[in-house]
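Colleague: Could you take me through the strands and the aromatic rings of this structure?

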Amino acid sequence: MVAVLLLLNVSKLIGVAGLLGVAANVFSYRRYHRKNLDPFESLLDEDQEILAEFPIDRDVDDGGFFFALATAPAHVEDELDDAWLRFAKETPPKQKEDDAIDRSKESDTDAKQESEKAEESFVQPMTVEGNKDDVVSEQALKGSTEENKETESTSPTSVGEWELVNQGIDPEKTAQQGPQESLEQEILAHINTEKMLECGTSIKVNKDTDQSQLGRGKGSAEDPLLQFNLPKKGRRLAKVAMDAIIQGYEKFMEDDEAKPNVAAWHNVSRPEQRLRFWSDPDTEIELAQKANVQLYRMGIDWTRIMPIEPLEGVESSVDWAAVDRYKEIIQKVRSAGMQVMLTLFHHSLPPWAASYGGWKEDKTVDYFLHYVRLAAEKLSSLVDFWITFNEPHVFSMLTYCAGAWPGAQPDLLETVTSVLPRGAFNKAMDLMAKAHLKAYEILHDVCERHQKKAKVGVSHHVSFMRPYGLFDITAVVLSDQMTRYPYIDSICERLDFIGINYYGQEVVSAPGLKLVENDEYSESGRGVYPDGLYRLLTSFHDRYKKHNIPYIVTENGVSDATDYIRRPYLCEHLLALRAAMNKGVPIQGYCFWTTSDNWEWADGYGPKFGLVAVDRDNDLKRIPRPSYYLFSEIAKTGKVTKCQRAKAWSELQAAAMEGKKRPFCRAVDSNGLMYAGGLDIPIERPFIQRDWRFGHYQMDGLQDPVSRLLRFMLNLIPLRRRKPTVHNDRSIESQTETIEEADTKMERIPVAA
């Protein structure tokens, strides 16, 4: 009896604790909702022909505005032996060990026999009726290359439209060229064979694979159709969301497969050349000039300027030829009629600094300040805006907490303790704040001596985060508290502008980021949400307006090889920015990321962020996308028109209604959580029929079982009739003009050359 009573009391206590937990989360969510999700008045008249206008004819000091294109050294520079190149080439330690064991067990004779068998099966007209375990060897791929030059295949497999756009090929011209390429040719067209051979790549073709699926890459996270560059064993990132590591959720685990450090890198042509901006900057500069931008955001690389640690003084560690070359490139930008925004640290730590701990050690601040002073002395007369650090908290999280970026190799204990007050993350953030404050003084002092006005700021990454379920609200609040304001709080007394990097929203679910099926996403897994830019700009202004600091959107863009999403994305985010300006937020400029498809950090060449496609198999040939011309027209006129918006939106909705698909560079598990790493070969995802235009997005309710049950119960209770909420959400059909109508109006508007 005593035991029964004890169990009853324990059950009651558990029940009470559970109810208190639910009540606490409900209270937190209601508070969060009022602060972040309440409807807002956009102050835009959607019936006007000109929806947004920006004062590009005035200097920013006189209330003017500029359009810009943005890039960074690690994305575009060739001949650069930086941490990222070494990281991409590096073989995971476990893979090295296993490869050595395998090589010692296999004789040259056995390897030759295996190669010959695989070659025989591959050179035949390709089908998927072979044995489930058949493997196409590297030698077979190599052998088939020459044969495919002379033989046309009748394989039913077709190249998707997004793949053609991805490679900068005109789908209409391709359709006129006759029979489609075989699967072998399709694979070889997207993969550099020599790189595959170097990496020991193999392709597995499953017996039951649908032929229509072949060639598109990893069909899902759990059932790969084609596998490229997957080493055998080693440590890999756990099944959590790709940007969850920024919020501190990333974990490590041992698994039977190790992934390359950088996805979609070994399996593309000329990966180490990036965009050849060092040896041939004219191509990118000319594209920016013809896009009618008033400013060009670029960077200089600390490793290139100081290739060795300055143990014996700064003079002996500097590559003076590199300094002169950067000066020449910046002068080219100015000669093209553009101002220059120069970033000093953009996610690339010199390997020599990483070897002793990087931003976890005090001496890195001193070294960085030597580098800043050198840049100021040599380049101040050519630079209009300075950015000391790009997204410092992103670099610190991914490097010192997760170990997913080059610069550190934290163990499990370091990862778990990294966000504690004395952990690696906060140590690095404190030192980068200290470095900025001192760099600010140096830049102003040197520029004043050179009779040049210094404008110094940082580029700060912000995502709009929201919970998927009721019990995810704590993670969202803690993440925002850790990443949204603290760094800016620590340096706001020494900022001439605040740079905002915004790409989209993130929906937090348990330990990761949820892929919401009815939301539109970029290829790199960021939810498209223009309202978030407006909400974040107004919230930052509310916090820092007492300091009278202006804002610049230093990065905004979307990875989209098809270019269907990018055009409305551009229009809607500019409308969000204009609405924030109408609310009193002082915004001086907008930098679109980026000109041409380039190396996207640990995702390699997978996501396509460029207004211009790059054919890496054709000497990096540039092919401007339709969005390039749309951006050029907006930058030239300073206006976003009703017909520009309607045309862009109509074409996206038409693609969605036709069931078209596009690439997606994130694997997703059975629970809808996105993997942390990118994919070597993207999967497919359909376009979503949802109105995400600025001021039209209808926020979903919480989707956890408790919230759904509560909504169901409330719907059963007769309540007094509530007044309908006023939104700018007339139906898509009534708001969206047909493509033909928009085209007719667009004919009256001159298109940029």
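Predicted model: local features only at pLDDT ≥ 70, side-chain atom pairs only at ≥ 80, totals over all residues.

Colleague: In what order do the strands close into a barrel?

Modeller: The order is β2-β7-β8-β9-β10-β12-β15-β16, which makes 8 strands with parallel pairing. Strands are DSSP runs of E with at least two residues, helices are runs of H or I with at least four, and both are numbered from the N terminus. Two strands pair if DSSP finds at least two bridges between them. From one strand to the next, the twist averages 25 degrees.

Colleague: How many bridges join β15 and β16?

Modeller: There are 4 bridges between β15 (residues 551-556) and β16 (residues 587-592), in the parallel sense. Tyrosine 551 has isoleucine 587 in β16 as its bridge partner.

Colleague: And which strands does helix α17 touch?

Modeller: Helix α17 (residues 392-401) packs on the sheet and touches β8 (339-345), β9 and β10 (456-461); contact means heavy atoms within 4.5 Å. The direction of α17 makes about 50 degrees with that of β10. Axes are lines fitted to C-alpha atoms, for helices over the stretch in contact, and angles run from 0 to 180 degrees between N-to-C directions. Helix α24 (residues 626-637) lies across β2 and β16, at about 145 degrees to β2.

Colleague: Turning to the rings, how many aromatic pairs are there?

Modeller: The whole structure holds 46 aromatic pairs. Rings of Phe, Tyr and Trp (its six-membered ring) pair if their centres lie within 6.5 Å; planes under 30 degrees apart count as stacked, over 60 as edge-to-face and the rest as tilted. Phenylalanine 66 and phenylalanine 385 have ring centres 5.6 Å apart and planes at 50 degrees, so the pair is tilted.

Colleague: Where do those two lie in the strands?

Modeller: Phenylalanine 66 is in β2 (residues 66-70) and phenylalanine 385 in β9 (residues 385-390), so the pair ties together parts 319 residues apart in sequence. Both phenylalanine 66 and phenylalanine 385 are buried (under 20% relative accessible area, with exposed over 50% and partly exposed in between; 1.4 Å probe, protein chains only).

Colleague: What sits over the ring of tyrosine 605?

Modeller: The charged end of arginine 616 does, 4.1 Å from the ring centre. The criterion is NZ of Lys or CZ of Arg within 6 Å of the ring centre and within 35 degrees of the ring normal.

Definitions and conventions:
Residues numbered from 1 in each chain as written. Heavy atoms only, no water.
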